[in-house]
2 protein chains.
Amino acid sequence: MDFFFAPKGIALIGATRKLKGGYAILYNLKKGFNGPVYPINPRYDEIDGTTCYPSVADVPDPVDLAIVFIPAPKVPAILLECAKRGIKGAMIESAGFAETGPEGKKLQDEIIAIAKETGLRLWGPNCMGLVDAKAGHVFSFVSPTIWDEGLIKGDVSLIVQSGMLSGGFLTDTMTHGTMGVSKVCSIGNKADVSEIDLLEYMIDDPKTGAVAAYLESLPQGRRFMELCRRSPKPIVVLKGGKSEKGAQAAMSHTASMAGNGAVIAGALAQAGVVEAVDFKQMMDLARTVGFYPDIKADQPGRIAILTYSGGAGIMSADFLDEFGLKVADLAPKTIAKLATVYPEWMPPNNPVDLWPGVEKNGGPIVYSTALEAVAHDENVDAILMHAFVGRAGFGPDMEQLVDIAQKAGKPIFVWLIGGREEARKLHQAVQAKGVPVYRELYRAVECMAAAFNRGKMQASVVREQAPVPEPSGKLKGLLAGAAGVMDEHISKKILAQAGIPVVEEKLVASLGQALDAAKTMGFPLVAKGMIGGQVHKTEKGLVHLNITDSQGLEKAFDKLINAGAENILVQKQCAPGVEIIAGLVRDPQFGPCVMVGLGGVYAEVLNDRAFALAPLAEKEALALIDRLAHQKLLNGFRGLLPVDRKALASTLVALSQLGMQFEEIAEIDINPLIAAPGGLMAVDAS
Amino acid sequence: MDFFFAPKGIALIGATRKLKGGYAILYNLKKGFNGPVYPINPRYDEIDGTTCYPSVADVPDPVDLAIVFIPAPKVPAILLECAKRGIKGAMIESAGFAETGPEGKKLQDEIIAIAKETGLRLWGPNCMGLVDAKAGHVFSFVSPTIWDEGLIKGDVSLIVQSGMLSGGFLTDTMTHGTMGVSKVCSIGNKADVSEIDLLEYMIDDPKTGAVAAYLESLPQGRRFMELCRRSPKPIVVLKGGKSEKGAQAAMSHTASMAGNGAVIAGALAQAGVVEAVDFKQMMDLARTVGFYPDIKADQPGRIAILTYSGGAGIMSADFLDEFGLKVADLAPKTIAKLATVYPEWMPPNNPVDLWPGVEKNGGPIVYSTALEAVAHDENVDAILMHAFVGRAGFGPDMEQLVDIAQKAGKPIFVWLIGGREEARKLHQAVQAKGVPVYRELYRAVECMAAAFNRGKMQASVVREQAPVPEPSGKLKGLLAGAAGVMDEHISKKILAQAGIPVVEEKLVASLGQALDAAKTMGFPLVAKGMIGGQVHKTEKGLVHLNITDSQGLEKAFDKLINAGAENILVQKQCAPGVEIIAGLVRDPQFGPCVMVGLGGVYAEVLNDRAFALAPLAEKEALALIDRLAHQKLLNGFRGLLPVDRKALASTLVALSQLGMQFEEIAEIDINPLIAAPGGLMAVDAS
């Protein structure tokens with residue numbers, strides 16, 4: 001892929017003297033690309049002093065990349081010429097392919113066939129190409145205004161699928177000049193080069209520190225997640241089409257499976273990826289985790305807030321609470337040091353309100369003393385600093401201040417307001433030092449939380465997919481005999497064979513057998529009437545609970561037989577416990593996925609479920625359980641026993657392996673799985 | 001208060017030739033104030049050509065406002081001079097008062113005493129004063145850079161409490177030039193003039209269309225809410241200190257009661273106020289509801305999304321879903337009209353993806369046709385338009401487009417990205433036409449939702465507080481005989497007398513009485529052992545449920561007597577139903593408040609409760625119930641009856657009246673209030 005990012009020479013097909021895209025590409029190439037650029041256009045000898053060639057065949061060496069910006073119908077022929085000339089990659093920025101309907105789709109299929117045949121790699125079509133701020137490469141028809149601020153270099157590389165959006169977004173980002181980037185790749189229709197190729201490239205790219213991707217579809221979901229979990233670099237993903245209406249819109253837009261939002265969220269978390277919700281927020285998240293990729297899971301996120309405004313300090317404390325971070329309890333020596341620059345009447349505390357001290361002692365000494373103090377406080381994991389430009393005499397030197405934090409090895413995050421241009425310059429200067437600056441306080445705390453949360457996610461990431469053992473012969477045998485929707489008894493036999501604890505039960509055909517079973521199991525019991533194909537037993541009156549003696553069992557037996565039951569399932573009744581649901585689903589994008597959720601009376605109200613891709617290692621299963629929102633229900637709620645997380649994790653691991661071992665299992669649903677005093681127990685399953 | 005906003009003449013005490021605050025105030029006054037300005041400074045004859053006076057006494061007429069910017073200790077003497085000279089208001093921008101500790105507090109008390117004695121009104125101290133963009137008044141030491149963009153006029157007036165923050169915030173807002181304002185009032189320590197005075201003034205101010213307030217404390221909470229509920233103008237409030245840590249920080253910052261976040265949220269919603277979470281978001285919300293104050297409760301928020309990017313359309317649909325808005329189902333005639341500018345292969349739909357049409361027919365015709373179509377669609381309540389500047393030839397004329405929507409009377413909201421300066425100019429131009437522009441898509445949808453939600457809130461606002469009837473003599477008698485923590489039987493007697501349905505029950509002392517009671521009530525019954533002062537009956541084993549016959553009652557009676565019960569409360573056992581909690585609390589800021597929440601097994605997990613100030617009118621009570629997050633639990637969940645909302649509302653109204661009628665009732669807690677088949681029923685109360 002190097003010929004796309006660092007070509008030896010570029011043929012520009014569609015170069016023109018007119019002030020249109022073909023001219024903008026040439027302007028952009030000449031402005032920043034150091035190698036030879038060969039405009040191709042039979043109508044000109046030269047454009048702005050650069051020699052023009054009639055065809056690709058005429059272009060001298062070296063040339064390994066073609067940028068193509070001509071009407072779509074002419075593209076296939078040109079690609080053949082490129083391949084013939086020995087060009088390795090073509091970046092097709094023309095529109096008019098699959099995105100324009102069936103005609104365009106045919107054209108796109110045609111160029112894909114050419115690529116396969118000739119080995120020429122295709123980027124696009126229907127894309128904005130590439131901007132590489134570090135190399136100074138703008139291989140794009142994007143407006144030359146993006147040079148106005150210079151190409152602000154940063155460590156975040158971007159992958160953007162949407163065609164039009166990437167153009168607007170790129171112009172917006174670059175002209176604001178407050179967000180540095182490394183490589184920005186607009187991949188359009190992804191006819192050949194996809195997010196997979198680019199992510200792979202960026203993970204190895206020494207000039208990329210973090211990756212942000214806006215994707216509408218994830219057709220190779222598993223492969224994408226595999227790359228993410230292996231990546232030592234932070235990755236942020238924004239995935240559109242998560243709501244029902246959004247997914248419908250995605251369907252009609254790209255005919256792509258938008259997919260189940262909960263499954264995507266689970267897969268991203270499992271792979272240690274930060275999930276974004278909006279475009280600019282994605283950029284803010286990406287530069288944050290790019291600056292601070294090494295926050296560890298054992299750092300609880302205790303934050304020192306340095307502010308010039310008591311009010312903003314209060315708001316910050318509110319936001320930390322909302323995002324699960326903590327207002328740090330400052331160490332006594334920190335308090336003592338702060339007291340040296342505070343007025344006497346004011347006891348230092350966190351949020352550290354510096355204004356009264358500034359009024360007494362001046363900004364510079366108060367700010368630097370306070371920053372020194374909190375930066376060396378062992379109870380502080382990070383610093384949130386409020387800054388403000390535009391008032392004469394306030395003046396702490398922000399760049400010097402962030403140095404103090406950096407020397408102490410403490411992450412610092414800056415919230416900045418003030419006069420437009422002054423603030424923008426300070427924003428750039430501070431960010432150039434590797435410190436993230438935010439213009440909204442809420443966003444600042446949101447991004448801090450993402451950095452700390454990423455540390456926690458990373459601790460549970462399994463770099464290589466967990467191994468899947470060969471299933472036992474017995475399990476294979478059970479599966480071979482089953483087909484269609486299985487009744488709960490057979491389902492549980494399979495689960496038990498897979499190592500999942502299931503409730504003690506016996507299928508009986510006569511009252512005598514039922515009473516025998518009761519003798520072995522002991523009361524209380526449950527009796528269920530089994531009718532072939534009938535799954536909603538409770539609704540059909542086929543379940544009798546709380547059977548405490550033989551008479552009760554007899555009564556229940558008779559009623560069930562009268563209701564048409566073919567057999568009776570006699571089951572040990574579980575003691576009360578937290579009710580959990582667990583299962584296996586097959587996602588069209590991701591394949592086998594494990595689900596865990598809260599069951600019982602809470603299931604429908606809370607809809608608290610979490611997903612992960614199978615197979616699961618134990619620590620992935622434990623992290624999956626941790627992702628449920630209502631953890632307190634698992635921790636011994638209302639007198640119930642706390643859930644045995646290790647046992648639950650092992651059930652989830654077993655489910656994940658079943659999903660990997662047997663493609664013929666379409667779905668497993670254990671509901672409920674009860675965390676009863678005797679241990680975890682699958683009570684019903686299908 | 002007119003002398004603060006439109007003074008006849010201004011004495012500037014603390015005017016100076018030095019480039020400090022006192023000079024900035026003079027510069028700002030001369031730049032925009034049309035009346036006479038009299039700098040006071042005995043050391044100068046003139047400053048920059050303006051005659052300087054040695055003292056306030058020497059200033060000629062007319063003069064009714066003094067702006068004071070001298071060291072705090074000198075302020076009291078100057079105020080006395082001002083009052084003597086007949087000046088009506090003093091805007092004290094100097095710091096060094098209550099915010100600096102006990103010494104400053106004394107000084108502040110001194111100036112308050114002077115104000116009371118002389119009738120001089122005080123604004124501040126420790127504040128940034130006033131900026132009035134419409135009048136061109138900058139009565140503030142804020143940096144003259146705020147004139148750089150001109151003072152952008154808008155309809156939103158601002159009240160900001162925090163001293164330092166208001167300066168930074170104001171500079172930030174004004175120099176960005178994309179948010180017009182009317183009056184911006186920084187009120188600092190609120191020694192005399194408070195948010196109450198200003199809100200009152202702004203509600204009547206013809207130049208104010210909407211009010212935004214950032215407040216750290218709400219010491220006159222009830223009065224504030226009273227003004228809000230009467231206001232025909234939209235009001236947005238950001239209240240700091242809602243989390244526990246935030247409230248602690250607020251305590252140490254301003255020694256003010258930060259208050260219970262849930263109570264504040266309830267009071268604001270009841271008064272029809274939009275609640276903000278962050279500073280800039282508050283401004284975005286304020287200009288949104290300022291532009292669209294007339295959206296009605298019966299408009300469900302069906303949105304047409306016009307986009308140049310399928311991807312951004314998908315994201316918009318996701319966000320609409322998240323905020324409770326709807327992707328509009330376009331009418332057939334709209335679809336037909338869209339088809340005229342769409343390519344043949346593409347069926348029009350919502351989100352309306354215009355790009356393929358633009359490629360075929362050009363931007364201007366496609367955009368204007370599409371906008372005409374959706375603007376006249378009866379299934380569309382509002383339009384979300386995506387705009388982008390920076391690509392030549394794309395070019396729909398945004399200003400002309402918003403005209404189409406405005407002519408059709410349809411609210412339009414614009415999300416804009418693009419080159420920094422081009423986008424800023426377009427932002428200004430579109431917003432000057434009364435159309436809100438947003439730079440982040442999520443924020444755009446969040447603000448749209450706020451505008452629609454405000455319509456719903458307004459429908460339930462009661463402009464004048466509901467009347468409270470005189471309590472009956474019987475109720476007064478019951479209350480007169482009670483004191484301390486009441487047992488549940490007495491509590492329920494009081495509730496019943498107040499018109500709240502309570503469970504049928506009888507207090508008995510002997511088994512015979514118990515059996516008699518059972519005869520009257522019928523089984524099943526509950527028996528509770530009453531011990532003076534004992535409130536946790538269930539935990540102490542003093543409650544027996546499911547008593548189905550006389551033997552059971554006898555058994556329970558014996559057990560309770562053995563457990564030390566003095567009397568036995570025999571109660572009709574309620575059939576299962578949705579369990580609700582309802583109560584009355586007294587908030588330190590707001591006084592008597594009614595609470596309603598979800599009870600039973602969900603209480604602790606969901607913590608779903610809503611508050612409102614007493615007294616309640618019926619429609620306020622209904623709206624309070626509507627504010628519970630988990631409405632589906634009230635609507636007939638898992639086979640239970642739907643809750644009778646009218647009956648529940650009437651219970652809440654009765655609770656609210658008890659709170660108003662009897663100051664001696666500190667708290668009422670009904671838990672549970674069961675929505676059983678026989679009707680709503682208070683089962684336990686204290």
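This is a predicted model: local features need pLDDT of at least 70, side-chain atom pairs count only at pLDDT 80 or more; totals for chains, interfaces and linings use all residues.

Visitor: Let us begin with the helix. How many residues does helix α4 of chain A have, and what distance does it reach from its first C-alpha to its last?

Guide: Helix α4(A) spans residues 102–118, which makes 17 residues. The distance from its first C-alpha to its last is 24 Å, close to the 24 Å expected at 1.5 Å a residue.

Visitor: Which residues of α4(A) are buried?

Guide: The general idea comes first. An α-helix has 3.6 residues a turn, so residues three or four places apart point the same way. In this structure the buried residues of α4(A) are Gly104(A), Leu107(A), Gln108(A), Ile111(A), Ile114(A) and Ala115(A). Because they cover an arc of only 115° around the axis, they lie on the same side of α4(A).

Visitor: What covers these buried residues, and which exposed residues does the face turned away from them carry?

Guide: The cover includes three elements of chain A: α3 (75–84), β6 (89–92) and β7 (121–123). The face turned away from the buried side carries the exposed residues Pro102(A), Lys106(A), Lys116(A) and Glu117(A). After the helix comes Gly119(A), which has a positive phi, near 85°.

Visitor: What area is buried between chain B and chain A?

Guide: The size of an interface is often given as the accessible area lost when the parts come together. Between chain B and chain A that area is about 6,700 Å², and carbon and sulfur atoms give 61% of it. Each side is represented in the contact by 81 residues, from chain B and from chain A. Four salt bridges are counted between the two chains. One salt bridge, between Arg443(A) and Glu440(B), has its closest N and O atoms 2.9 Å apart.

Visitor: Is Val184(A) buried or exposed?

Guide: Val184(A), in strand β11 (residues 183–186) of chain A, counts as buried because its relative accessibility is 6%, and the cut-off for buried is under 20%. Leaving aside neighbours within four places in sequence, Val184(A) is in contact with Gly129(A), Leu130(A), Val131(A), Leu158(A) and Leu170(A).

Visitor: Which parts of the chain does the salt bridge between Asp132(A) and Lys183(A) link?

Guide: The side chains of Asp132(A) and Lys183(A) meet at 3.5 Å, N to O. This pair links strand β8 (residues 129–132), which holds Asp132(A), to strand β11, which holds Lys183(A), 51 residues apart. Both residues are buried.

Visitor: Where do the partners of the salt bridge between Glu488(A) and Lys528(A) lie?

Guide: The closest N and O atoms of Glu488(A) and Lys528(A) are 3.1 Å apart. Glu488(A) lies in helix α19 (residues 488–497) and Lys528(A) in strand β22 (residues 525–530), so the pair ties together parts 40 residues apart in sequence. Glu488(A) and Lys528(A) are both buried. Elsewhere, salt bridges that share partners join Arg420(A), Glu421(A), Arg424(A), Arg420(B), Glu421(B) and Arg424(B) into one network.

Technical notes
Residues are numbered from 1 along each chain as its sequence is written. Chains are lettered from A and ligands numbered from 1 in the order in which they are written. Side-chain values use heavy atoms; hydrogens and water are left out. Helices (H or I, at least four residues) and strands (E, at least two) are DSSP runs, numbered from the N terminus. The expected span of a helix is 1.5 Å times one less than its number of residues. Buried means under 20% relative accessible area, exposed over 50%, partly exposed in between (1.4 Å probe, protein chains only). The arc is that of the directions from the helix axis to the C-beta atoms. Contact means heavy atoms within 4.5 Å. Buried area is the accessible area (1.4 Å probe) that two parts lose on being put together, summed over both.
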